[in-house]
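Please take me around this structure as it stands open in the viewer, telling me at each stop what to select and what is there.

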Amino acid sequence: PKVTLEGAIEAAQILTNDTIVLYGRENFIKKEEKELYKWKPWKKIPPNLEIIHCEEEITMEERPHKAFKEKPNSSIAIALRDHKEGKIDGFVSAGNTGAVMMSAAMILGRIEGVTRPALGAVLPSQNEQGRTLIIDVGANVDVKPRNLLEFAIMGSLYVKFIDEIENPRIALLSIGEEKTKGNSLTLNTYNLLQNKIDNFIGNIESGEIIKGKADVVVMDGFVGNIILKLTESIAKTLLGTFRTIVKKSVRAKIGKTFFLNEIKFVLKAYDYAEYGGAPLLGLNGNVLICHGISSVIAIKNALLFVRKIAKNKLNLKIKEKIAEMTVI
């Protein structure tokens with residue numbers, strides 16, 4: 001819990017009018033608190049940080065359905081039940097993704113009119129905001145055109161109110177820009193989005209995502225998960241290669257000195273920690289799922305993002321928009 005604790009402390013120091021609640025084994029958390037400030041006795045845990053003791057925990061290796069059924073007193077389950085009861089306004093987890101998604105769906109339930117919740121992820125891109133939301137990235141492997149329409153609606157509202165893009169451009173991932181390209185799912189979805197989404201710009205190929213052609217790119221979870229993991233892997237490989245070259249080359253070290261700010265900007269753009277986590281949209285709650293290897297910065301930013309989602313009442317806006325549309 002060390003990283004989670006540090007991230008929560010940093011968020012608590014920023015959100016001084018809010019309370020950060022940590023769910024888990026209290027003795028573990030208290031132990032980390034002592035270790036964290038062992039050599040900094042002048043520092044204290046922020047007063048707006050609370051701990052809720054939970055007897056059980058769900059590990060990364062456990063099967064989501066079994067864990068949900070057999071561990072009702074896990075930190076994930078207790079936190080989500082508190083969220084449903086309004087004791088907390090948002091939930092962030094870097095734990096077992098499948099367990100979080102299943103528990104959230106079972107405990108919080110879907111927003112009225114939403115047939116499938118969806119998991120979004122932010123990728124760096126060359127648009128004005130420097131990022132593009134892709135949705136879905138793993139919550140739904142097999143989908144229908146209706147589901148993709150809902151993903152488009154939820155994704156556009158997230159980008160509008162969280163990234164503050166007034167008229168986000170929505171695109172459908174396919175193997176070509178022409179409306180006649182793709183499989184039966186994309187062909188049928190294209191016509192649906194064209195009729196139902198005002199700012200639908202058509203198909204987009206995977207290579208165009210990071211060029212910033214669209215603010216939201218819609219896809220099924222099978223393809224989305226592959227794209228997300230491939231992108232993360234390429235980014236890590238490129239950054240690792242860059243750091244190796246700088247260490248070995250004197251000329252590269254000199255260049256780094258002159259272009260340090262530019263280099264930091266590039267590294268920051270491709271750092272997942274800057275985006276906090278992936279929003280789970282379509283549920284009666286505010287849930288953000290973080291990477292299993294999240295850093296302190298990632299946890300802090302995730303808490304800031306989930307607060308913004310709650311403050312903007314994103315779920316209410318999704319419910320209203322879905323209700324407005326006659327979905328087939």
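## First stop: a salt bridge

Select Asp 163 and Arg 131, which form a salt bridge with their closest N and O atoms 3.1 Å apart; a salt bridge here is a side-chain nitrogen of Lys or Arg within 4 Å of a carboxyl oxygen of Asp or Glu. This pair links distant parts of the chain, since Asp 163 lies in the loop between α6 and β6 while Arg 131 belongs to strand β5, 32 residues apart. Helices (H or I, at least four residues) and strands (E, at least two) are DSSP runs, numbered from the N terminus. Asp 163 counts as buried at 11% relative accessibility, and Arg 131 is partly exposed at 23%, where buried means under 20% relative accessible area, exposed over 50%, and partly exposed in between (1.4 Å probe, protein chains only).

Before going further, note that this is a predicted model, in which local features need pLDDT of at least 70, side-chain atom pairs count only at pLDDT 80 or more, and totals for chains, interfaces and linings use all residues. Residues are numbered from 1 along each chain as its sequence is written, and side-chain values use heavy atoms, with hydrogens and water left out.

## Along the loops

Stay in the loop between α6 and β6 (170-173) and select Glu 164, which has its place there. The phi angle of Glu 164 is near 60°, a positive value in a residue other than glycine, and Glu 164 is exposed, with a relative accessible area of 60%.

Next, go to the loop between β5 (131-135) and α6 (145-162), where Asp 136 is found. Select Asp 136 together with Ile 135, and look at the peptide bond that joins them, which is cis, with omega at about 15°.

For another positive phi in a residue other than glycine, select Lys 313, where the angle is near 50°. Lys 313 sits in the loop between α11 (296-311) and α12 (314-324), and with a relative accessible area of 54% Lys 313 is exposed.

From there, step into helix α12 and select Leu 316, which is partly exposed at 45% relative accessibility.

How many salt bridges does the count come to? By the rule given at the first stop, the count comes to 16.

One to select is the pair Lys 213 and Glu 177, whose closest N and O atoms are 2.9 Å apart in a salt bridge. This pair too links distant parts of the chain, with Lys 213 in the loop between β7 (200-204) and β8 (216-218) and Glu 177 in the loop between β6 and α7 (184-196), 36 residues apart. Lys 213 counts as partly exposed at 31% relative accessibility, and Glu 177 counts as partly exposed at 39%.

Now select Asp 82, Glu 85 and Lys 87, which are linked in a network of salt bridges.

## Helix α4

Asp 82 leads on to helix α4, being one of its buried residues. Select residues 75-84 to show α4, which is mostly covered, with 8 of its 10 residues buried. Besides Asp 82, the buried residues include Ile 76, Ile 78, Leu 80 and His 83.

What do the buried residues of α4 pack against? Select β1 (20-24), β3 (91-93), α5 (97-108) and β10 (287-289) to see their partners, where contact means heavy atoms within 4.5 Å. After α4 comes Gly 86, whose phi is positive, near 85°.

## Stepping back

Finally, show the whole protein, which has 12 helices and 10 strands. Its radius of gyration is 21 Å, close to the 20 Å that the globule rule gives for 328 residues, so the protein is as compact as a globular protein of that length; the radius is taken over C-alpha atoms, and the rule is 2.2 Å times the number of residues to the power 0.38. Taken along the principal axes, the C-alpha atoms fill a box of roughly 65 × 60 × 35 Å, and of the 328 residues, 46% count as buried. Among contacts between residues at least 6 apart in sequence, 70% join residues at least 24 apart.
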